[in-house]
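Colleague: I have some questions about this model. Can you take me through them step by step?

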Amino acid sequence: MASNTLFLLPGDGIGTEIMAEVEKLIAHLNGSGATDFAYDKGLVGGCAYDAHGVAISEEDMGKALAADAVIFGAVGGPKWDDVPYDVRPEAGLLRLRKDLGLFANLRPAICYSALADASSLKKELVEGLDILIVRELTGGVYFGEPKEITDLGNGQKRAVDTQVYESYEIDRIARVAFDLAMTRGKKVHSADKKNVMKSGVLWDEVVKQAGRDYPEIDLHHILADNAAMQLVRNPKQFDVMVTDNLFGDILSDAAAMLTGSLGMLPSASLGAPDPATGKRKALYEPVHGSAPDIAGQGIANPIAMFASFAMALRYSFGMVDLAGKLETAISDVLEDGLRTGDIMQTGCRKVTTSEMGDAIIAKLG
Ligand code: NAD
């Protein structure tokens, strides 16, 4: 019996096209003896709604909970714009995040040197960039209660969102950031707004407290607005940045776009370690959506999906060398001048989704 299990959820639109490349990759890795993955596939998003009337079926939720890692493509598209709110495609992803307890969202921003010219920042600012934003994903203002709009009866309304964090939520995300930083540059910036928000005061207090258990980590506090400014002024000063759900949403998008196209950006979401096995529930997905404008044409960029798979190798299976090999293969193919349409540059060769997948797999040897 294979010891490592994956559950693939391709989803909608280009999700199915990029996941087909992942299946080729798994077949190659298993065939070469590098891995022994067993995998199953399910439906999520619009395709699950068409088949079952829900964004993910209970059976597939069960499989996601049982797997060592979930590999997710993308969901949504105009076909499902008018389905009821609670079964809309995104509800499948939200259910997975909630039921798997995925509180830590990891968004790397790595600038491949072959693409440094494509960044909106000057080449010297982004070339060699490798930063990791760790965003708290299940708490804060997106979930805090009360969350409501009240009619004040005088022609006015009042909207309330509640930013709320308990210390355990801050402590566990801080420790994820410290643990990851220990495998990288050992530097962590914690971003909050403690100058104007009580949740920021507690955030800073708990992060510093947790930091005492990591004496090797160079821990810095930064106000979230300054973090935004510094990310575009001098992004290479950062290694790992840990922040809450709201600031993380914004800062991770800003950091990610330093490196170019949406088609290049991976992500991972991790839960708490299982007390018995030490394994974390985990979901890996590209940052981009289902790209309905190019779906079905075989031209989507599979690199974000492959880079997400590399994160799975590293964080769910401890296959650090293999993850590095896959990332190097991606970088080498870009150096060779192969490009999907979204990252096309003068003098490069335009390839399809499948050709890009094949070229990366071929580099693995
Ligand atoms: P999108 O990320 O799907 O596309 C934005 C633009 O980037 C499009 O022009 C698209 O062609 C391009 N693009 C994205 N990924 C690409 C890739 N791998 N290769 C080449 N080009 C790529 O965002 P959108 O258009 O705002 O949303 C489309 C649908 O996706 C909507 O239904 C939205 O709700 C959904 N969505 C899903 C997720 C998710 O599944 N996690 C995330 C974002 C959006």
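Colleague: Leaving aside its neighbours within four places in sequence, which residues is Trp 80 in contact with?

Modeller: Keep in mind that this model is predicted. Trp 80 sits in the loop between strand 3 (69–74) and helix 4 (89–99). The C-alpha atoms of Trp 80 and Cys 47 are 9.3 Å apart, although 33 residues separate them along the chain. Cys 47 is one of the contacts, and the list reads Asp 12, Gly 46, Cys 47, Tyr 49, Asp 50 and Pro 89.

Colleague: Is Trp 80 buried or exposed?

Modeller: The relative accessibility of Trp 80 is 13%. Buried means under 20%. Trp 80 therefore counts as buried.

Colleague: How many disulfides does the structure hold?

Modeller: A disulfide is a covalent bond between the sulfur atoms of two cysteines. To count here, the two sulfurs must lie within 2.5 Å. Take Cys 111: its nearest cysteine sulfur belongs to Cys 348 and is 14 Å away, and Cys 111 is in no disulfide. For the structure, the number of disulfides is 0.

Colleague: Cys 348: buried, partly exposed or exposed?

Modeller: Start with Cys 111, which is buried at a relative accessible area of 5%. Cys 348 has a relative accessible area of 21%. Buried needs a value under 20%, and exposed a value over 50%. Cys 348 is therefore partly exposed.

Colleague: How is helix 1 placed relative to helix 10?

Modeller: Helix 1 (residues 14–31) packs on helix 10 (residues 303–315) with the axes 9 Å apart, at an angle of about 45°. Roughly parallel needs an angle under 35 degrees, and roughly perpendicular runs from 65 to 115. That angle therefore makes helix 1 oblique to helix 10.

Colleague: What is the handedness of that crossing of helix 1 and helix 10, and which residues of helix 10 make the contact?

Modeller: The crossing of helix 1 and helix 10 is right-handed. On the helix 1 side, the contact residues include Ile 18, Val 22 and Leu 25. By class, this contact has 9 nonpolar, no polar and 1 charged residues. From helix 10 come Met 305, Phe 306 and Phe 309.

Colleague: How does helix 10 run relative to helix 11?

Modeller: Their axes come within 7 Å and cross at roughly 160°. The cut-off for roughly antiparallel is over 145 degrees. Helix 10 is therefore roughly antiparallel to helix 11.

Colleague: Which elements are included in what covers the buried residues of helix 12?

Modeller: The buried residues of helix 12 (residues 353–363) are Thr 353, Met 356, Gly 357, Ala 359, Ile 360 and Ile 361. Met 356, Ala 359 and Ile 360 are among the residues that meet helix 11. The cover includes helix 1, helix 10, helix 11 (320–335) and strand 13 (338–339).

Definitions and conventions:
Residues are numbered from 1 along each chain as its sequence is written. This is a predicted model: local features need pLDDT of at least 70, side-chain atom pairs count only at pLDDT 80 or more; totals for chains, interfaces and linings use all residues. Side-chain values use heavy atoms; hydrogens and water are left out. Axes are lines fitted to C-alpha atoms, for helices over the stretch in contact, and angles run from 0 to 180 degrees between N-to-C directions. Helices (H or I, at least four residues) and strands (E, at least two) are DSSP runs, numbered from the N terminus. A crossing is left-handed if the near helix is turned anticlockwise from the far one by less than a right angle, and right-handed if clockwise. Contact means heavy atoms within 4.5 Å. Ala, Val, Leu, Ile, Met, Phe, Trp, Tyr, Cys and Pro count as nonpolar, Asp, Glu, Lys and Arg as charged, and the others, Gly among them, as polar. Buried means under 20% relative accessible area, exposed over 50%, partly exposed in between (1.4 Å probe, protein chains only).
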